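Biologist: Could you walk me through this one? I'd like to see how you get from the atoms to each answer.

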Amino acid sequence: MGQPTASTHLRTLEAAVGHRLVERAGRGTRLTDAGRLLASHATVVVSALQKLEAELAALDGAVTGSLILSSCDTFGNYVLPATLGAFGRDRPLADIHVRIEPSGDVVRSVARDDAHVGIAGKMRRTEPVVAEPLIRDELTWVAAAGSGIPHVLTPADVRASTLIVPGRESSTRAITERILGGVKHRPTRVLELGSVEAIKRAVRAGLGVALLSRLAVADELEARELRRIELLGAPAASRMIEIVRRENRDATPLEQAFERVLRLFCAHLYGQLGPRAVTAEA
């Protein structure tokens with residue numbers, strides 16, 4: 001910057017603050033008291049602006065920011081932790097919060113803007129949200145390995161068994177009731193539990209049968225603690241897992257990056273489950 005331009009800027013700054021900022025000292029100039037005070041604050045202001053510019057660039061690069069996720073029980077417990085591990089390693093400055101709740105509550109959290117991104121089983125909804133398919137999740141009927149429950153349940157077997165289900169806000173609960181109603185199987189006893197993990201433990205203990213995600217019971221099936229059973233006349237069961245966002249809300253770069261990682265991880269995970277699994281959808 002040339003001397004005339006510097007002098008012009010200096011006069012403009014002095015007029016703005018209402019004080020002389022420099023004074024002559026021999027052949028040179030020196031700061032006045034007001035000039036020294038302004039310089040000390042200017043250092044802080046410039047540093048803050050440089051930090052703001054760096055943080056805005058990081059936001060654009062999807063390496064920092066805040067991400068609040070709400071996920072249904074099965075996905076949140078058996079898929080999301082590994083996904084967040086892979087996602088968070090490259091984004092140590094990102095502030096990520098996760099809520100685990102039934103699918104119906106996930107949708108309401110997103111609609112209220114209590115969560116930026118929701119992951120929920122598809123179900124009827126009236127909230128102002130938009131949803132996109134993520135993966136189709138296979139569901140399977142299970143019983144304890146040594147329970148003596150038949151491999152194929154007739155209506156009489158269902159009436160003699162206890163059906164163990166999640167709460168009414170769960171998409172799996174809605175599918176369970178729809179399947180039973182379609183084949184006219186009416187259980188005499190229904191046990192409602194608040195989490196998939198609790199349902200698995202109850203089934204393992206021989207308390208009854210349940211319809212659960214194949215993801216949730218993969219380890220127990222492999223260890224032969226649980227076994228797959230069938231419902232006479234019932235079709236194969238599955239549910240669509242969706243990514244849910246609030247209407248008219250633009251996704252941040254961090255949210256967009258998370259969705260990309262999530263879709264890649266789901267495609268890889270479901271591909272490993274074998275030919276009966278349905279891989280990620282476009």
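What follows is a short chat about a predicted model.

Biologist: Let's start with the strands. How many bridges join E1 to E2?

Modeller: Strand E1 covers residues 22-25 and strand E2 covers residues 28-31. The two run antiparallel, and Ala25 in E1 sits opposite Gly28 in E2. The number of bridges joining them is four.

Biologist: And which residue takes a positive phi in that hairpin?

Modeller: Look at the turn: the hairpin has two residues between E1 and E2. One of them has a positive phi near 70°, and that's Gly26.

Biologist: Is Cys266 buried or exposed?

Modeller: Buried means under 20% relative accessible area. Cys266 has 0%, so it counts as buried.

Biologist: Now the rings. What kind of aromatic pair do Phe87 and Phe258 form?

Modeller: The structure has one aromatic pair. Its ring centres, in Phe87 and Phe258, are 5.5 Å apart, with 80° between the planes. Planes over 60 degrees apart get their own label, so this pair is edge-to-face.

Biologist: How many residues apart in sequence are the parts that this pair ties together?

Modeller: Phe87 belongs to helix H4 (residues 80-89), while Phe258 belongs to helix H10 (residues 253-272). Phe87 is buried at 0%, and Phe258 is buried at 1%. The pair therefore links parts whose separation in sequence is 171 residues.

Conventions. Residues numbered from 1 in each chain as written. Predicted model: local features only at pLDDT ≥ 70, side-chain atom pairs only at ≥ 80, totals over all residues. Heavy atoms only, no water. Pairing = 2+ DSSP bridges. Buried < 20%, exposed > 50% of the residue type's maximum accessible area, 1.4 Å probe, protein only. Phe/Tyr/Trp six-rings, centres within 6.5 Å; stacked < 30°, edge-to-face > 60°.
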